[in-house]
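Here is a short briefing on a structure, arranged by topic. Keep the 3D view open while you read.

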Amino acid sequence: MRIFATILGLLCCLGVMLDAFQTILLPRRPAGRVRITRLFYLATWTPWVWFAEHLCTRKIREQFYSVYGPGSLLLLLVLWAALLVTGFGLLYFAVGTPLADALNPHATLLTNLRTDLYFSGTTLVTLGLGDVTPTHLPARFLAVLECGTGLGFVALVIGYIPVIYTAFSHREVSVAMLDGRAGSPPTATELLRRHAYEGGEVELIALLAEWERWSAEILESHISYPLLCYYRSQHDNQSWLSALVAVLDACALLITTVEGPSARQAQLTFAMARHALIDLGHVFNQEERAKRKTLEGVDRLPPEAFGNLCENLAGLHLKLCGDASSMGRLTAIRTLYEPHAHALSEYLRMDLPLWVPEPKKSDPWKTVAALRRSNAEAALLASEHVSERALATHLHDEEHGF
């Protein structure tokens with residue numbers, strides 16, 4: 001019994017320390033399938049999803065999913081603390097419970113284990129009531145070691161949580177800003193339409209360069225802290241995954257249909273965004289699901305949707321429908337990232353964006369664009385030397401938004 005308690009206690013203590021090191025301190029993807037954090041998320045995410053799928057409305061489901069990220073963080077910390085208390089308690093038990101406890105005058109195997117666990121808990125949190133005291137040198141050594149472990153654990157928690165929320169806030173700033181550039185939820189079609197004005201190509205290149213950096217930051221932060229992938233955006237129609245895929249869609253369109261500076265930047269952004277998407281799939285072991293999606297032939301852009309895409313982009317001078325092989329090129333580049341996007345979407349229960357936005361009864365962005373166009377038209381018409389050609393040049397179509 002003592003030998004078994006020693007082995008189990010060491011496994012608990014060393015397992016938590018190694019897992020905390022890999023989860024918090026190690027700046028790369030943790031290795032190994034038998035890890036406490038991995039087993040914890042496997043054991044909690046699946047029932048959480050099952051329960052969420054039985055909720056009545058989508059809004060309630062999204063609210064339920066949004067609780068999982070921060071809630072699982074707290075539960076993981078509680079699990080680590082419980083395993084440390086149990087591990088050190090078993091080690092006290094293994095050395096013969098050398099503890100003086102006034103509430104345990106008639107020591108038995110069960111009461112000794114209860115005293116060991118109580119002393120371990122008060123020592124880990126450095127409570128130090130003094131009602132249970134170690135009487136032998138090995139127990140005193142273990143008490144000092146556990147106290148130091150508890151202080152280190154608290155320090156890691158204090159440093160870990162601000163890092164998590166800083167990375168989350170930094171991620172969400174760009175996702176929120178995409179709302180005005182690509183609609184809500186974002187789509188590649190709307191992104192290109194809202195930049196189809198004079199000087200819009202420069203703005204589009206700058207936006208793609210920003211998202212190239214954003215993808216690199218996501219790759220760095222979310223590989224180190226995969227927990228962030230479970231954190232949902234503040235709005236139900238936004239998510240980091242839909243934003244990332246919408247940017248990939250826009251890059252795919254630019255790479256296969258245009259030439260020039262925007263196509264070059266689109267290639268760079270596409271490479272980094274695809275790298276982030278695939279590596280995050282590896283973190284959650286979604287390789288097999290991505291292969292299955294490839295074999296199933298799930299298509300986000302069937303022929304009828306492609307025709308709708310052509311109609312929406314008809315005025316943007318893209319070689320999309322005029323080139324007979326454009327659809328083949330677009331399909332080929334989509335196969336490089338869409339199976340991985342489908343796999344992550346199915347696992348995290350985050351919707352992927354459409355290629356063409358659904359019509360809305362009221363669109364604030366179009367309202368603002370119409371007012372801006374009306375103001376510009378009035379200013380130009382007030383000039384005595386403006387020609388009809390200048391008017392057509394300076395006024396961009398209200399369908400292009402910004």
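The second largest pocket has a volume of about 540 Å³. Its lining counts 28 residues, and those closest to the centre are R38, V283, F284, N285 and Y347. The model is predicted.

**Pocket lining**
- Helix α2 gives the most to the lining of the second largest pocket, with 7 residues.
- Two helices, α2 (36-53) and α13 (338-348), each supply at least two residues of this lining.

**Nonpolar surface patch**
- Helix α1, residues 2-25, gives the most to the patch, with 5 residues.
- Residues three or four places apart in an α-helix point the same way, because the helix has 3.6 residues a turn.

**Helix α8**
- Helix α8 covers residues 240-257 and has 18 residues.
- From first C-alpha to last, α8 reaches 26 Å, close to the 26 Å expected at 1.5 Å a residue.
- How many of the 18 residues of α8 are buried? The count is 17, so α8 is largely enclosed by the rest of the structure.
- Buried here means under 20% relative accessible area.

Technical notes:
Residues are numbered from 1 along each chain as its sequence is written. This is a predicted model: local features need pLDDT of at least 70, side-chain atom pairs count only at pLDDT 80 or more; totals for chains, interfaces and linings use all residues. Side-chain values use heavy atoms; hydrogens and water are left out. Helices (H or I, at least four residues) and strands (E, at least two) are DSSP runs, numbered from the N terminus. The expected span of a helix is 1.5 Å times one less than its number of residues. Buried means under 20% relative accessible area, exposed over 50%, partly exposed in between (1.4 Å probe, protein chains only). On a 1 Å grid over the protein atoms alone, a cavity is a set of points where a 1.4 Å probe fits but cannot get out, and a pocket is an open set with protein on both sides within 12 Å along at least five of seven lines; lining residues have an atom within 4 Å of a point. Grid points are joined across faces, edges and corners, and a volume is the space filled by probe spheres set on the points.
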